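This report describes the fold and some local features of one protein model. Please look over the sequence and the coordinates before reading on.

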Amino acid sequence: MCGIVGIVDAGGVSFPLYYALYALQHRGQESAGISTFEGTTLYTHKAQGLVAEVFNSQTLQDLRGNAGIGHVRYPTTGSKVPENVQPFNFRYRGLDLSIAHNGNLVNTAELREEYEHRGQIFCTTTDTEIIGNIIADALRTSKSMEDAVLLCMRRLRGSYATVALLNDTVYAFRDPLGIKPLCIGKLENGYIVASESVAIDALDGTFIRDVRPGELIRIDESGLTSTQIATTNRKAYCIFEYVYFARADSVMDGTLVYDVRRRIGQKLYDANPVEADTACPVPDSGIAYAAGYAEQSGIPFIEGLMKNRYMGRTFIMPTQEQRERAVRIKLNTVRGNLKDKRVVLIDDSIVRGTTSRRIVNMIRDAGAEEIHLRVGSPPIIAPCYLGVDMPTRTELIASGKEIETVRKSVGATSLTYIPLDDLVEAIGCGERNLCTGCLTGCYPVDINGEKSCHSVVDYVAGTHQSDLSTFKAGKERT
Ligand code: AMP
């Protein structure tokens, strides 16, 4: 759970990177960083905090150059310490490499042990540093970055949408299964790669397409080229990006997230129609769901909860007690819209159950007669090892429990989740192309002690230059 961006632009990149990170702030609020390159110097500014807290106009002016990368972090591996803030820089043999990553490797421990055994010293506890080290090591023996990324991809297991700045060239690559999102856009004087299309919109750019799973994109001042490094018999787009994590205004792997959520809302009604007075979203991600639900059912969409928009996500709170208190500060009820009403309450997911229990209580306290909780994802029964911050099985309220037990625990009048088939249909790319690990306990990569649904990866580096090789400086796509 992080946001990444890479930009090459003749008009300078620090401000565009900053705006892009702002648009990606929902993907990580723990820290932010930018690296740029000019002449012979790599510039980096990074710190813990929100994008607006980390940068000011002076720090941005000091980040010189026409090529750079940026990162917002939500820690999944590695603790919340300053040295884990990305991008990470590596300097050797006259080259400067800066790297930032969204995702999570599942073979970090093995790789780290191997590299430490060879005498490699690590400065952080993140898997991103491993990726940087493998690339730097591979560059010693490879003729090109393409070959180095091929060697690197062969070693990595897990999810990794990555941006790298090698002197003044930006590289971006996505793991062979495409677990984490990454897309490409055209700017007035250059190109951008970013976790979500909203970052391209923020810069008034034009969305070109998603980075393909297993693809390496190279951007320099002469334009943009692509090399397909790996191919697979399937994809494994993270299903939770659609359910919760991505912004609703992002287009992800060809699908507008808002549309997916609206379709889920429609299907939630069709699967379990109920008579009620209001369709009430849990803001923010529940809004698109409730719009679809209201549309399908004819039950009016009326907001019964208001969100304080100046607070971070509740999960950022490190302890259960802090999380519980934060929910109350974050949300307030609109009493007049709830009193004596039969309310359908629509949320994207139930993870630990803390939020749902609190919200149901608040809505009951506001005088609602009935509370029918409808959830836009099937029960989350298993942890995520591939980049979403999910608790262990014991903390997941739905793991090993009947729905009726969960209903009682959160205190709703009725509770239904969207069936997996309906969710997959709402996304539209087929279950075979989604990672459903948290919903099924079956993962697209081998993970110790877990079931895997096998994926076959072929490495084909250098044999295929895809359509983007036509994107040269000054030319438009034909
Ligand atoms: P809870 O059931 O208390 O664990 O909270 C679930 C709520 O938190 C959901 O309604 C989501 O809006 C949000 N949420 C779900 N997954 C995550 C996550 N991995 N990180 C942060 N917030 C999440």
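## Basis

This is a predicted model, in which local features need pLDDT of at least 70 and side-chain atom pairs count only at pLDDT 80 or more, while totals for chains, interfaces and linings use all residues. Residues are numbered from 1 along each chain as its sequence is written, and side-chain values use heavy atoms, with hydrogens and water left out.

## Whole protein

The protein has 15 helices and 27 strands; helices (H or I, at least four residues) and strands (E, at least two) are DSSP runs, numbered from the N terminus. Its radius of gyration is 23 Å, close to the 23 Å that the globule rule gives for 478 residues, so the protein is as compact as a globular protein of that length. The radius is taken over C-alpha atoms, and the globule rule is 2.2 Å times the number of residues to the power 0.38. Along the principal axes, the C-alpha atoms fill a box of roughly 70 × 45 × 45 Å.

Of the 478 residues, 59% are buried. Buried means under 20% relative accessible area, exposed over 50%, and partly exposed in between (1.4 Å probe, protein chains only). The protein exposes about 18700 Å², and carbon and sulfur atoms supply 48% of that area. Accessible areas come from the Shrake-Rupley method with a 1.4 Å probe; for residues, only the protein chains shown count as cover.

Among contacts with a separation of 6 or more, 70% are between residues 24 or more positions apart. Contact means heavy atoms within 4.5 Å.

There are 52 positive and 57 negative side chains, and the centres of the two sets lie 2 Å apart. Lys and Arg count as positive and Asp and Glu as negative, with His and the chain ends not counted. The place of a charge is NZ of Lys, CZ of Arg, CG of Asp or CD of Glu.

Helix 1 (residues 14-23) is mostly covered, with 7 of its 10 residues buried. The buried residues are S14, P16, L17, Y18, A20, L21 and A23.

Helix 5 is also mostly covered: 13 of its 15 residues are buried. At 1.5 Å a residue, helix 5 (residues 127-141) should span 21 Å, and its end C-alpha atoms are 22 Å apart, which agrees. The expected span is 1.5 Å times one less than the number of residues.

## Single residues

| Residue | Relative accessible area | Class |
|---|---|---|
| Y443 | 1% | buried |
| R407 | 19% | buried |
| D253 | 19% | buried |
| P379 | 21% | partly exposed |
| D340 | 47% | partly exposed |

Y443 lies in strand 25 (residues 442-443). Not counting residues up to four places away in sequence, Y443 touches A382, P383, Y385, R393, G437, E450, K451, S452 and C453. L224 is 219 residues from Y443 in sequence and 33 Å from Y443 in space, C-alpha to C-alpha.

P379 is in the loop between strand 22 (370-375) and helix 13. Its contacts, leaving aside neighbours within four places in sequence, are A398, Y417, C438 and L439. P379 and L439 are 60 residues apart in sequence, and their C-alpha atoms are 6.3 Å apart.

R407 is part of helix 13 (residues 403-410). With neighbours within four places in sequence left aside, R407 is in contact with A412, T413, S414 and L415.

## Backbone details

The peptide bond from Q86 to P87 is cis, with omega near 0 degrees. P87 lies in the loop between strand 4 (67-73) and strand 5 (88-92). The bond from P283 to D284 is cis, with omega near 0 degrees, and D284 lies in the loop between strand 18 (278-281) and helix 10 (286-297).

D253 has phi near 45 degrees, a positive value in a residue other than glycine; D253 sits in the loop between strand 16 (251-252) and strand 17 (255-256). For D340, phi is near 60 degrees, a positive value in a residue other than glycine. D340 is in the loop between strand 20 (331-333) and strand 21 (342-347).
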